[in-house]
Amino acid sequence: MALGSDLPQGVTMFSLRPQHLTGVSSVVTRLRTAIDLGFFEDGEMLPKEAVLSKELHVTAFTLREALAELRLEGLVDTKPGRGGGTFVQRTSRMAHDKAEIRLKDLSATALRDLSDWKAMLLGEAAELAASRASPSNIARLEEYCNRVLSATSAIAACRAHARFDIELAAAAQSVRLSSAALHTYEEYSWLLALAHEDQGYTEECAQTLAAVTKMVGQRLVHEAGTLARDRTRISFESLAKKRLSLIASRSHQQALRGHTVE
Amino acid sequence: MNDFLKQAACSAFEKVFGELRLMSSQFTQLIENKSAQNSKVAESDLKHMRPSLVKALMRLDGSAFSLGIILDENIIPGTDYALSWLELSADGSIQEDSNSRYPWRGNFYEYTKAEWMSLPRLNREPVVVGPYVDFDKYLLTLAVPIVVSDHFIGVAAADVRLDDFERSVAYPLSRFELPCLIVNSEGRVVVSNTTSHPVGSINEAYKTLGTPMQLCGWRIILIEAAC
């Protein structure tokens, strides 16, 4: 609550960290999050630059720099001329490749640390939600859970999953947990989207979310927390494997290249 | 003492509801005049409301930190919702949050499914929704239905920070020796004078304990020492 009342704008998800809101990287992060969380659809045109820079409270110059960076990431594409503008392209191969490179470069410690942090967040949120969720909270949790199950793409699954996590923190009545859950996605949505490319991972997550929702509904405080905590850690197994195989295939390729040179 | 607390809570809300009813009737009037000329609701109508919204927010003087008019799904054909929304910044300036086309603004939840829209749509009655977590804020949302020729078209609504509401009942609440709570219709604690029944906690039993406040199913509960 202290966080909310300190805000100069007090407006939206974009106002969460007003002290950092002036730089290019913050605009990149905020726009990326908006895209990853489903506020912009794939193929949707972003608002005009003048409007967007006003909305984000940054200069036109900063916005243009940020859009250029997002273009490099392959998250948006700009078409010139009439009917032109900046369009979201979330499913592009470029975004996927970039995510793989980032995962490869992530240290094992950083990945483990992230899994610990997410496990703690979701575990706490689940425990508190089990004692504080109202029927309407639970109905929303069920809805986001079903959206993960019925998602037709990795990005749709990732969005629904993100919404579930934030709703779980909201059901826990915790402003801090809900902000923390959102920040985690701001930082790691690229990674979680990559994980959701594996249908098996998405199905496993959907099962976990359904089980957590059920326990929250039954007010099984301890069980909901333990399940959320344990299963979150387990869900990182596939990312850890993927990371290692990315590193292995890179060093294997280098080794092969070494042979041909000889 | 109960009455004192109830009065403080109700008068805090009545001030906001008064402005919302005024906004609702002004907008209804605007739309009725238009339909007399056979024209439909448009986004420009929301724009026309802005000066009235600014005045309402100023008059509330911090009792609500944001307010506006939100139209229901398809009232403007092809839109999920449309809104004219103003917010009071910490520095006292009024920020516009006007456009429906930027869905990352405002609430994370789908507008048309939010209870402050669905309940007035269903019951045609004003509501107080919350307290609930909206990203980085803990809020109560007050909403008044806008009904034009027997059709529900949306709500006039305001967000009140729970901290601000608590301030307006702090004095009567602090005078209770026993643990005292105000709970909402879900049995969720809205304000309390004890950490053993903290804000946001929920208890089925609260839905029937204590005295009703005649305010959206809210109740005042005094916890006897035996409990």
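Colleague: Let's begin with helix α7 (residues 135-149) and helix α10 (residues 199-217) of chain A: how far apart do their axes come, and at roughly what angle do they cross?
Modeller: Keep in mind that this is a predicted model. Two packed helices are described by the angle between their axes and the distance between the axes. For α7(A) and α10(A), the axes come within 9 Å, and the crossing is at roughly 165°.

Colleague: Is α7(A) roughly parallel or roughly antiparallel to α10(A)?
Modeller: The two axes cross at roughly 165°. Angles over 145 degrees count as roughly antiparallel. Therefore α7(A), relative to α10(A), is roughly antiparallel.

Colleague: Which residues of α10(A) are met by α7(A), and what is the make-up of that contact by class?
Modeller: On the α7(A) side, the residues are Ile138(A), Leu141(A), Glu142(A), Cys145(A), Val148(A) and Leu149(A). Across from them in α10(A) are Thr202(A), Ala206(A), Leu209(A), Ala210(A), Thr213(A), Val216(A) and Gly217(A). Sorted by class, the contact of α7(A) with α10(A) has 9 nonpolar, 3 polar and 1 charged residues.

Colleague: Now to another pair in chain A. How are helix α8 (residues 154-171) and helix α9 (residues 175-195) oriented to each other?
Modeller: The axes of α8(A) and α9(A) are 9 Å apart, and the packing angle is about 165°. An angle over 145 degrees is needed to count as roughly antiparallel. So α8(A) and α9(A) are, to each other, roughly antiparallel.

Colleague: What is the handedness of each crossing, α7(A) with α10(A) and α8(A) with α9(A)?
Modeller: Take the pairs in turn. The crossing in which α7(A) passes α10(A) is left-handed. Where α8(A) passes α9(A), the crossing is right-handed.

Colleague: Which residues of α9(A) does α8(A) meet, and how does the contact divide by class?
Modeller: The residues that α8(A) brings include Ile155(A), Cys158(A), His161(A), Asp165(A) and Ile166(A). They face a set in α9(A) made up of Leu177(A), Ser178(A), Ala181(A), Leu182(A), Tyr185(A), Ser189(A), Leu192(A) and Ala193(A). By class, the contact of α8(A) with α9(A) comes to 13 nonpolar, 3 polar and 1 charged residues.

Colleague: Let's stay with Ile166(A): is this residue buried or exposed?
Modeller: Ile166(A) sits in helix α8 of chain A and is one of the residues that meet α9(A). Its relative accessibility is 4%, and the cut-off for burial is under 20%. Ile166(A) is therefore buried.

Colleague: Which residues does Ser115(A) touch, leaving out those up to four places away in sequence?
Modeller: Ser115(A) lies in helix α6 (residues 108-132) of chain A. With 6% relative accessibility, Ser115(A) is counted as buried. Beyond four places in sequence, its partners are Thr232(A), Arg233(A) and Phe236(A).

Colleague: How many helices and strands does chain A have, and what percentage of its residues count as buried?
Modeller: Chain A holds 12 helices and 2 strands. From the N terminus, the order is α-α-α-α-β-β-α-α-α-α-α-α-α-α. Among its 262 residues, the share that count as buried is 51%.

Colleague: On to chain B. Why do the buried residues of helix α4 (residues 115-123) line one face, and which elements do they pack against?
Modeller: The buried residues of α4(B) are Trp116(B), Met117(B) and Pro120(B). Viewed down the axis of α4(B), they fall within an arc of 100°, so they line one face of the helix. Their packing partners in chain B are β1 (66-71), β4, β5 and β6.

Technical notes: Residues numbered from 1 in each chain as written. Chains lettered and ligands numbered in written order. Predicted model: local features only at pLDDT ≥ 70, side-chain atom pairs only at ≥ 80, totals over all residues. Heavy atoms only, no water. Buried < 20%, exposed > 50% of the residue type's maximum accessible area, 1.4 Å probe, protein only. Helix = DSSP H or I, 4+ residues; strand = E, 2+ residues; numbered from the N terminus. Arc of directions from axis to C-beta. Contact = heavy atoms within 4.5 Å. Axes fitted to C-alpha atoms, helices over the stretch in contact; angles between N-to-C directions. Parallel < 35°, antiparallel > 145°, perpendicular 65-115°, else oblique. Left-handed = near helix turned anticlockwise from the far one by under 90°. Nonpolar A, V, L, I, M, F, W, Y, C, P; charged D, E, K, R; others polar.
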